Amino acid sequence: MTRTRKRARRDDSEPTNAGDASPEDSAPQPSTAIHADESPPAAANGDASPRRGRGRPKKSAKRKDRAAEPMSPESERRLTRQQQAAEQNGHVNSSIGPGPEWETVVRVVPAMDAVVKVFCVHTDPNFSLPWQRKRQYSSSSSGFIIGGRRVLTNAHSVEHHTQVKLKKRGSDTKYLATVLAIGTECDIALLTVNDDEFWEGVTPVEFGDLPALQDAVTVVGYPIGGDTISVTSGVVSRIEVLSYVHATTELLGLQIDAAINSGNSGGPAFNDKGKCVGIAFQSLKHDDAENIGYVIPTPVIKHFIGDYEKNGVYTGFPVLGIEWQKMENPDLRVAMGMASDQKGVRVRRIEPTAPESEVLKSSDILLSFDGVKIANDGTIPFRDGERIGFSYLVSQKYTGDKALVKVLRDSKVLEFKIKLQPHKRLIPAHINGKPPSYYIVAGFVFSAVSVPYLRSEYGKDYEYEAPVKLLDRHMHAMAESPDEQLVVISQVLVADINIGYEDIVNTQVITFNGKPVKNLKSLANMVESCKDEYLKFELEYQQVVVVKTETAKAATLDILAMHCIPSAMSDDLKP
């Protein structure tokens with residue numbers, strides 16, 4: 001794994017979730033598009049194709065000559081729609097000819113009836129006031145039924161859910177659903193419904209193999225612009241390891257040119273045989289880009305399902321736990337003792353919490369992973385004529401699996417068996433549905449920093465708006481222990497005891513009374529059990545906060561009552 005993100009000039013092209021699920025609060029905009037299962041309205045007088053002529057009518061001879069010419073595809077489609085409209089009003093024009101049968105449409109996407117609409121009520125955490133939650137809101141997205149009485153959708157479609165309901169195509173009933181697992185890294189969620197009626201008459205979707213470039217795909221879902229099912233078609237234009245916006249991770253993904261809009265999240269992508277080859281989940285928004293959508297491919301989906309079936313819970317995708325450097329420069333390869341026939345990447349840093357930190361060293365040359373040779377640019381062979389990042393091999397493993405790595409160290413080739421574990425971030429990408437942790441004393445609100453916290457404080461462009469020191473730790477810092485957290489004073493609830501400290505905002509706490517602060521729970525325990533005369537907090541930039549212990553603890557109760565805060569600490573910090 002290499003980190004290439006830099007705090008530099010902003011790039012307007014960024015992948016976004018497929019609408020983060022379509023918001024249900026706002027009324028849908030009128031749409032002129034005609035979906036696969038809709039027909040245009042017929043004329044009021046029963047004429048399938050009403051016209052208003054102007055001037056002299058054309059001669060019949062000319063009309064006859066034109067009729068003898070071959071019809072364009074657009075003309076054929078127009079006639080088909082005209083006939084359907086006429087039949088609805090009881091007027092059939094035999095001159096139009098027989099229209100297409102419904103089976104011709106069903107044959108394109110045979111598993112369309114297994115696609116469901118997902119309704120979710122979200123209640124997001126409030127990081128500014130962590131003792132309460134934000135106002136609830138509703139959204140709609142897509143999902144589809146698979147074997148074992150289960151439904152797949154996107155993780156961001158049911159994130160921080162309060163209630164989830166599912167509605168089948170052609171049904172007027174919404175069924176209560178239960179969330180079985182949420183995979184934050186892969187942006188997939190697994191649902192089920194207890195009502196037996198929901199599963200009647202539905203054939204589960206079957207999964208197909210990973211498609212090839214230029215293979216046709218059909219995305220089915222319930223995007224914004226209407227209430228009925230929508231079908232869009234395209235081809236696979238790229239297959240590579242790409243960044244998943246929801247989880248800030250890198251996994252295998254498909255790029256397609258079919259439209260993926262708000263509300264398409266969680267909908268299946270079918271191949272020409274009616275097998276599911278992926279889940280729609282995000283699209284690229286840029287002035288110079290059109291119809292660039294992304295699909296979670298079947299290898300990632302099957303890994304998620306297999307992980308849940310194997311462990312009963314979702315454990316995540318493991319990582320190698322290293323940062324690496326390309327070895328494309330010939331002088332660098334010679335200096336590192338590589339032979340002319342050797343290829344690999346240089347290990348820059350190793351996560352202190354990763355199991356491989358016990359065997360790998362900085363400046364080791366990683367030659368192969370599980371017998372697959374790694375090129376100097378960090379890629380491996382992938383099918384015929386393609387290459388892909390070697391992190392794809394790691395993502396195929398499950399948590400706790402072992403892998404054989406071959407490294408070059410001091411011109412000697414060594415082999416190690418390492419155990420793979422999920423990535424332990426100093427600033428986690430998600431809080432996994434839990435309420436945020438906080439601790440309050442003397443009006444100082446202490447919080448643990450996470451990516452949702454930064455996004456709440458500084459907006460979706462937090463990587464450009466947040467303080468430089470927080471961004472540096474987010475981008476480059478590594479956790480020294482599994483329970484290490486970045487603790488900050490998020491704000492100061494103004495009171496007489498904290499006069500002069502009101503401007504402290506999102507500033508890291510380094511030590512308390514001379515002892516390092518490793519996480520929020522240890523800080524709360526140290527403050528609660530403190531017998532010293534003063535509480536002394538040393539912050540970054542050599543700032544110091546000092547308050548009298550006895551006065552601070554007494555003032556805390558008044559501050560809590562003034563702001564209607566039920567407790568001085570979150571439930572996860574209580575003994």
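1. The structure is a predicted model, in which local features need pLDDT of at least 70 and side-chain atom pairs count only at pLDDT 80 or more, while totals for chains, interfaces and linings use all residues. Residues are numbered from 1 along each chain as its sequence is written, and side-chain values use heavy atoms, leaving out hydrogens and water.

2. The chain contains 11 helices and 29 strands, taken as DSSP runs (helices: H or I, at least four residues; strands: E, at least two) and numbered from the N terminus.

3. Of the contacts (heavy atoms within 4.5 Å) between residues at least 6 apart in sequence, 65% join residues at least 24 apart.

4. Ser-340 belongs to the loop between helix H5 (330–335) and strand S16 (345–350). Ser-340 is exposed (over 50% relative accessible area), with a value of 81%. From Ser-340 to Pro-330 the C-alpha to C-alpha separation is 9.3 Å, and the two are 10 residues apart in sequence.

5. The average pLDDT (the predictor's confidence in each residue, from 0 to 100) is 84 for the chain, and 80% of the residues score at least 70. Over residues 1–11, pLDDT stays under 50, and the model has 28 contacts beyond four places in sequence for them. Over residues 25–97, pLDDT also stays under 50, with 41 such contacts. Where pLDDT is low, predicted coordinates should not be read in detail.

How values were computed
Buried means under 20% relative accessible area, exposed over 50%, partly exposed in between (1.4 Å probe, protein chains only).
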